[in-house]
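Reader: I have a structure open and would like to go through it with you. Could we start with the overall arrangement and then look at some details?
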Amino acid sequence: MKRSPTTQTPVNTFKLVRTVGLALPDVEATTKYDGSPVLKVSGSFMAGLATHRSVEPETLVVRIGLEERAWLLEDAPETYYVTDYYRRYPVVLVRLSRIDRDALRDLLSVSWRLALAKARHRGRTRRHGERTTMPSPYDPGRR
């Protein structure tokens, strides 16, 4: 995917992510409160365009385990990175101009499994009457 910041809108930049993500079961494409596109599994964040001021343009934020993130950062720092803002969350930042379709599919598959597990856990917790109202780190635009 070639990078062309003057002609790409956030929605166009997200087009391949959306296509690859929607091929996975129960994934929905939606938008955050700020209008930026995201993918969710049963209401749990999976991936979306990163909007925090600390990120580079055309960056995807993807749910990932911290161990997997460390491996990605070591293996391909030209593609994956993290800023101080995102460091405390189980996510990795992805330069969309540097990732190919196969790597994106693999990354979104891992994210899908994690988001699905989170959604299932949230469903079980709510059925047992516990409160689960924690602020979401995946909506970082509220600066």
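Reader: How many strands form the sheet, and in what order?
Author: In this predicted model, 6 strands form an open sheet, and their order is S1-S2-S3-S4-S6-S5. The pairing is antiparallel.

Reader: Which are the edge strands?
Author: They are strand S1, residues 27-31, and strand S5, residues 80-81. Each of these pairs on one side only.

Reader: What packs on the sheet?
Author: Helix H2, residues 66-75, packs on the sheet and touches S5 and strand S6, which covers 91-95. The direction of helix H2 makes about 30° with that of S6.

Reader: Back to S1, then. Over how many bridges do S1 and S2 pair?
Author: S1 pairs with strand S2, residues 37-41, over 5 bridges in the antiparallel sense. Within this pairing, Thr31 stands opposite Pro37 in S2.

Reader: Which residues lie on each side of S4?
Author: Thr59, Val61 and Arg63 are on one side, and Leu60 and Val62 are on the other. All are buried, which leaves both faces of S4 covered.

Reader: How many bridges join S4 to S6?
Author: There are 5 bridges between S4 and S6, and the two strands run antiparallel. Strand S3, residues 44-49, is joined to S4 by 3 bridges, also in an antiparallel manner. Val62 takes part in both pairings: it is the bridge partner of Ala47, and it stands opposite Val92 in S6.

Reader: Changing topic: how many aromatic pairs are there?
Author: A search of the whole structure finds 2. Tyr85 and Tyr86 form an edge-to-face pair, with 5.1 Å centre to centre and 80° between the planes. Tyr85 and Tyr89 form a tilted pair, with 6.1 Å centre to centre and 55° between the planes. These ring pairs link Tyr85, Tyr86 and Tyr89 into a cluster.

Reader: Is Tyr85 buried or partly exposed?
Author: Tyr85 counts as partly exposed because its relative accessibility is 22%. Tyr86 counts as buried at 1%, and Tyr89 counts as buried at 16%.

Reader: What sits over the ring of Tyr85?
Author: The charged end of Arg88 does, 5.7 Å from the centre of that ring.

Key
Residues numbered from 1 in each chain as written. Predicted model: local features only at pLDDT ≥ 70, side-chain atom pairs only at ≥ 80, totals over all residues. Heavy atoms only, no water. Pairing = 2+ DSSP bridges. Helix = DSSP H or I, 4+ residues; strand = E, 2+ residues; numbered from the N terminus. Contact = heavy atoms within 4.5 Å. Axes fitted to C-alpha atoms, helices over the stretch in contact; angles between N-to-C directions. Buried < 20%, exposed > 50% of the residue type's maximum accessible area, 1.4 Å probe, protein only. Phe/Tyr/Trp six-rings, centres within 6.5 Å; stacked < 30°, edge-to-face > 60°. Lys NZ or Arg CZ within 6 Å of the ring centre and 35° of its normal.
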